[in-house]
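Biologist: Could you walk me through this structure, starting with how its side chains touch one another?
Modeller: Gladly, let us look at it together.

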Amino acid sequence: RPCIDMRNVGYNVEWSQELRVAQSLEEYVKASMLIDLLRAAGVPAVDVPRPVFDMSVGYDLAGVRGDKVRAFVAGMRDAKALIDRLRRDLPAPLRDTAFVTNISNSVTLSTFHGCPPREIEGIADHLMGELGLDTVIKLNPTLLGPAELKRLLHDRLGYTEVRVPAEAFEKDADWEQVCGFVGRLRRRAKDLGRGFGVKLTNTLVVENREGFLPSSEKTMYLSGPPLHVLAVRLVRRFRTRFGARLPISFSGGIDRLNFPDAVSLGLVPVTVCSDLLGPGGYTRLRGYSQRLVERMEQTKVPDIPDFIIDAQGQGPAALKAAGFKRPPSKWEPAYQEWVDQAVLLNTKAYAAAVVDDPRYARPQNSAAPKKVGRKLELFDCLACDKCVPACPNGANFTLVLPQGKVPILKLSKQAGVWRSLEAGELVFDKKHQLANFADFCNECGNCDVFCPEDGGPYRIKPRFFGSRASWEAAKGHDGFHLERRGAAETMRGRFSGKEFQMTVDQDRADYSGEGFHLRFLTSDPAGTVSGDCVGEVDLAYFQIMDLLRKALYAEGAVNYVNS
């Protein structure tokens, strides 16, 4: 950690799987159930197709054949038993919702870098033949070969500092090997009545030379703008070799501007990751559909096939290539041939254009997010809120503390007499504060990348744990756990490694830490204090925890902690 670097291009060193197989199944099913609950409640208000749930598996044949993956696939194909168990966690009025039990019948095989060709083919054959799944194989950009990849990455795009290790090409399947098993698997799928396709592409393995990600990681994985050019070049190769009807799923540097172009190449689905890690997060997705609609309106077309024909201006040439003198209607078999020829011509034209498009070149992708030279503090940062949407897990959130000043009291007991000293004040100037829900945070560091201040919100801001067990397990991290039992609310806090605990029941407070255990009324701590202490007790930590407690449980507040 950190494991994500999205300052400009996009690199990561994290594994794609952080859950156990059984946990992954449960998360898929929960997501499907949530969608069914929304649809039952009339959200969205219009009738839309149900989202496609696509399984993802890897990385070797022995693992895919094992009991864990078999159980995962069986659970995805028939989730009734798991759904019945999860129903019990729902409020009574929702338990009788009609949930879809067949979550998925398709899988994408995300072959790891260096997976042998025979292993890839064996896994795909097993998935289609033994498990009965429609299968897509995700392939690597090293398929371009070292000479072509270097020419594009260094000479044409200018990323001369990016180095692909030689073993990446030596270990990965080469072009002819991939074409061989794609052809065989395509025929095998047809015999089985299964769907088969490829996904272009995986990230590009490169040397870790940037100095941002941990030096213990010798390699990292490139995504973003340069990967778009490499992936599109591979699309052109596959279209040239296999024609327009080999299904190709696409990932690689997709953003709002190039999404319509990817659609015009007949790529389905077009997926995105790196762009959503930028400012705005998942809300950036809205621009994708808006941009596609704008392009379709410009060409005055009603659907995607017509858009493919017209989007790149290749319609007339495609008609000629198909051997037609007049445009066929959509009800004629010849129409699909027209679309196919447009896909091929669009791909060729777009692949040539992106190499010379400056938005993918190094000069336009070298600037880093600006920092203001100020250190992040527990409270009262710039409150720009960039860390909230930048978190891919949604772990960062806002809460409201009263603006103003709170005096800091220090209490001591001398000869049986309590004494108090006012020592400064806590100042809160911002309309809201930022916080982090630790159970959702994997410390990827992406919020630190886009925060204008130094330190990282996931490290510095108040961190809340969803259970006492998770708080206790995180000994190396400051943070809080809050729970409510009847009228009593208890918060455990860790500041610079020191632990404190407070319980507030209406106006009565019980506050303890190393060397002290106090009781007092929150309205008058100095005048009502009792208990024992060694030395002086600083009430600043109590006041911080009490303010956070009130903010999290405030009427109308919605956050991870109170829910």
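Predicted model: local features only at pLDDT ≥ 70, side-chain atom pairs only at ≥ 80, totals over all residues.

Biologist: Okay, so which side chain has a polar contact of 2.5 Å with Arg549?
Modeller: That is Glu489, whose side chain is joined to the one of Arg549 by a polar contact of 2.5 Å, and a polar contact of 2.8 Å joins the side chains of Glu489 and Arg484 as well.

Biologist: Where does Glu489 lie, and is it buried or exposed?
Modeller: Glu489 lies in strand β17, which covers residues 488-495, and it counts as buried because its relative accessibility is 9%, where buried means under 20%.

Biologist: What else is Glu489 in contact with, leaving aside its neighbours within four places in sequence?
Modeller: Among its contacts of that kind are Met502, Thr503, Val504 and Tyr553.

Biologist: And which residues are linked with Glu489 in a network of salt bridges?
Modeller: The network links Glu489 with Arg484, Asp546, Arg549 and Lys550, and a search of the whole structure finds 38 salt bridges.

Biologist: Show me another one. What does Asp306 form a salt bridge with?
Modeller: Asp306 forms a salt bridge with Lys330, with the closest N and O atoms 3.3 Å apart. The pair links distant parts of the chain, since Asp306 is in helix α12 (residues 304-310) while Lys330 is in the loop between α13 and α14, 24 residues apart. Asp306 counts as buried at 17% relative accessibility, whereas Lys330 counts as partly exposed at 33%.

Biologist: How about Arg7, what is its salt-bridge partner?
Modeller: Arg7 forms a salt bridge with Asp5, and the closest N and O atoms are 2.8 Å apart. Here Arg7 counts as partly exposed at 24% relative accessibility, while Asp5 counts as buried at 2%.

Biologist: Changing topic, what is the order of the strands in the open sheet of four strands?
Modeller: The order is β1-β2-β8-β7, with antiparallel pairing. Strands β1 (4-5) and β7 (204-207) stand at the edges and each has a single partner strand, so one side of each is left without a neighbour in the sheet.

Biologist: How many bridges pair β7 with β8?
Modeller: There are four bridges between β7 and β8 (residues 219-222), paired in the antiparallel sense, and the bridge partner of Val205 in β8 is Tyr221.

Conventions:
Residues numbered from 1 in each chain as written. Heavy atoms only, no water. Pairing = 2+ DSSP bridges. Helix = DSSP H or I, 4+ residues; strand = E, 2+ residues; numbered from the N terminus. Buried < 20%, exposed > 50% of the residue type's maximum accessible area, 1.4 Å probe, protein only. Polar contact = N/O pair within 3.5 Å; in protein donor to acceptor, adjacent residues only side chain to side chain. Contact = heavy atoms within 4.5 Å. Salt bridge = Lys/Arg side-chain N within 4 Å of Asp/Glu carboxyl O.
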